[in-house]
Amino acid sequence: MTALLEVEDLKVAYGKIEAVKGISFTVEAGQIVTLIGTNGAGKTTTLRTLSGLLKPSGGRILFDGQPLANIPAHKIVSLGLAHSPEGRHIFPRLTIAENLQLGAFLRTDKAGIEKDIQRAYDLFPILGERRKQAAGTLSGGEQQMLAMGRALMSQPKLLMLDEPSMGLSPIMMQKILATVAELKADGMTILLVEQNAQAALSLADQAHVMEVGSIVLSGTGQDLLHDESVRKAYLGED
Ligand code: ATP
């Protein structure tokens, strides 16, 4: 079976600084794949490159059988690769409903868009209750829900989530991570970057540990959850 996403020897540099130093991994349809690692390891850089926001300095990205080199970011969204970025980047002055509509900016099927907005409200009822309010009035966790809902509005084949639980209360974190599991159960394919390594590994089919721009360890989520070096470095064990 060919993978939905194939990343081969990907390199990304900021000027002379190589932030991603030749990483390779695949994401099969229906899987959750996670990238974990300390701050500055290159995880966000990897997602931004897959989205077309940064240009790789080397390697190959194949999405749904198509090379992504030189394809602009909006075209990559229309191919089915959606990105819920670190820091959320919602539009605070627009309403929640308007933010969701913006996630569908490449679509013209009005009825389908309405259906998917309703689906976002089903997934996150608070968004429905406050649909007419400015998004800037939402709490951090609710803004994260909106960012995920907005990314889903492009009807992606692959959803990339960058640090969805960052800065959230434990209860909100649980809710967000439960939704990630729910999306997978519905058949969504997810590439997850998460600082909560325990949660990410528990959810993931495949996991990769990044350190200073390289993948240093790969395995199933369960393998890495039980790996001694991972437990010491990322799960806070002595
Ligand atoms: P974090 O969890 O902090 O976001 P990360 O694993 O996602 O960490 P990146 O944000 O991808 O890491 O950063 C990888 C490296 O690239 C770091 O050394 C970072 O300082 C550097 N870097 C990131 N963005 C830029 C930029 N715009 N210009 C120069 N260097 C950058």
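Guide: Because the model is predicted, local features need pLDDT of at least 70 and side-chain atom pairs count only at pLDDT 80 or more, while totals for chains, interfaces and linings use all residues. Residues are numbered from 1 along each chain as its sequence is written, and side-chain values use heavy atoms, with hydrogens and water left out.

Visitor: What makes Tyr14 and Glu163 residues around the ligand?

Guide: A residue is near a molecule if one of its heavy atoms lies within 4 Å of it, and the residues that form this shell include Tyr14, Asn39, Gly42, Glu86 and Glu163. By class, the shell has three nonpolar, six polar and three charged residues, where Ala, Val, Leu, Ile, Met, Phe, Trp, Tyr, Cys and Pro count as nonpolar, Asp, Glu, Lys and Arg as charged, and the others, Gly among them, as polar.

Visitor: Why is helix 1 called mostly covered?

Guide: Helices (H or I, at least four residues) and strands (E, at least two) are DSSP runs, numbered from the N terminus. Buried means under 20% relative accessible area, with a 1.4 Å probe and protein chains only, and six of the eight residues of helix 1 are buried, among them Lys43, Thr45 and Leu47. Helix 1, residues 43-50, also gives the most to the shell around the ligand, with three residues.

Visitor: How do you know that strand 7 and strand 8 pair?

Guide: Two strands pair if DSSP finds at least two bridges between them, and strand 7 (residues 158-162) and strand 8 are joined by five bridges in the parallel sense, so they pair. Met160 stands opposite Leu191 in strand 8.

Visitor: What makes strand 8 mostly covered?

Guide: Five of the five residues of strand 8 (residues 189-193) are buried. Thr189, Leu191 and Val193 point one way, and Ile190 and Leu192 the other way. In a regular strand the side chains alternate between the two faces of the sheet.

Technical notes. Buried < 20%, exposed > 50% of the residue type's maximum accessible area, 1.4 Å probe, protein only.
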